[in-house]
Amino acid sequence: MTTKFQELLTNLDELGLDKMRAYLPEYIDELNQQQVTFTDAMLKLTTVELTWQDQLKTNRIVKRARFPQVKSLKSFDFDFQPSINQQQVMGFQDLAFMESKENLVFIGSPGVGKTHLAISVGIEACRQGKRTLFVNCHELLLRLNAADDKGTLDRCIRRYARYDLLIIDEIGYLPINHNEANLLFQLINARYEHCSTIITSNSDLSTWVEIFQNPTVTAAILDRLVHHAHIVKINGKSYRLKGTN
Ligand code: ADP
Ligand code: MG
């Protein structure tokens, strides 16, 4: 014989309220013993479910946009990195920069939090329904090169140009040859004034000429990247070395 309690569990199952369903059997005893109001009980159960669904949503986002980790501005210690204008960076979460098709450029030495900040803004963009992709610069160049070899470069660039937000991480960790600089230029140019791009680099923009080994194309890339951009320069210690002297 099915009890009402079992019926309730079945209903929660059918509604896809998995966490409420899982939590209820242990919670029901507490409810029956103590005098918990209906509102308190429903609040507790719906909060458990919402927290879970939010976590699932984040997991889906991270997978689809290929973020290497989950990061958030909440977990960023701004006190550790006083050169950052906290208000400016927190402000990026409203995505006004995307409305205006502006770029974000995070510059600083390794470990200062560039990727952390780029991912945090990217995850927020996903949460607000923006099509987002995170890609390492080296990997991006490999893909563009492969497409170029196969004669599918146009299609490949169009695909990358369609994202509302593209995050290109670690520009300048590895040298970029003449042809790669050309490919990157085509991509940046395709996105220019259409949609926002976030860049992280450990090299100051003034030294990009050396990385790209192609001054003319470097100037053209910088011109388009920086024309409408918020540049965040981080001068500080590596968080990875926190606690060491
Ligand atoms: P970068 O990209 O500048 O080399 P990361 O963003 O990868 O540095 O940061 C290195 C590690 O330290 C990451 O795990 C990141 O989450 C963490 N981290 C860096 N800066 C901070 C900070 N100010 N507060 C909290 N965690 C930080
Ligand atoms: Mg990084």
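**Cavity linings**

I started with the largest cavity in this predicted model. Its lining is made by Asn-103, Ile-188, Arg-191, Tyr-192, Cys-195, Thr-197, Arg-224 and Leu-225. I checked which elements give two or more residues to that lining, and they are H9 and H11. By class I got 4 nonpolar, 2 polar and 2 charged residues. The volume came out at about 40 Å³.

Next I asked how many cavities of 30 Å³ or more the structure holds. I found 2.

**Nonpolar cores**

Then I went to the largest nonpolar core, which has 34 residues. Leu-144, Ile-168, Ile-171, Leu-184, Trp-208, Phe-212 and Ile-221 have the most contacts inside it. For elements giving two or more residues to this core, I noted strands E1 (103-108), E2 (132-136) and E3 (165-171). The helices on that list are H7 (137-150), H8 (153-162), H9 (178-191), H10 (208-212) and H11 (215-227). H9 gives the largest share, 6 residues.

Leaving aside neighbours within four places in sequence, I found Leu-144 in contact with Leu-153, Cys-156, Ile-157, Tyr-160, Leu-183, Leu-184 and Leu-187.

Last, I noted a second, separate core of 29 residues. Among its members are Ala-65, Ile-167, Ile-198 and Val-232.

Conventions:
Residues are numbered from 1 along each chain as its sequence is written. Chains are lettered from A and ligands numbered from 1 in the order in which they are written. This is a predicted model: local features need pLDDT of at least 70, side-chain atom pairs count only at pLDDT 80 or more; totals for chains, interfaces and linings use all residues. Side-chain values use heavy atoms; hydrogens and water are left out. A nonpolar core is a set of buried Ala, Val, Leu, Ile, Met, Phe, Trp, Tyr and Cys residues joined through side-chain atoms within 4.5 Å. Buried means under 20% relative accessible area, exposed over 50%, partly exposed in between (1.4 Å probe, protein chains only). Helices (H or I, at least four residues) and strands (E, at least two) are DSSP runs, numbered from the N terminus. Contact means heavy atoms within 4.5 Å. On a 1 Å grid over the protein atoms alone, a cavity is a set of points where a 1.4 Å probe fits but cannot get out, and a pocket is an open set with protein on both sides within 12 Å along at least five of seven lines; lining residues have an atom within 4 Å of a point. Grid points are joined across faces, edges and corners, and a volume is the space filled by probe spheres set on the points. Ala, Val, Leu, Ile, Met, Phe, Trp, Tyr, Cys and Pro count as nonpolar, Asp, Glu, Lys and Arg as charged, and the others, Gly among them, as polar.
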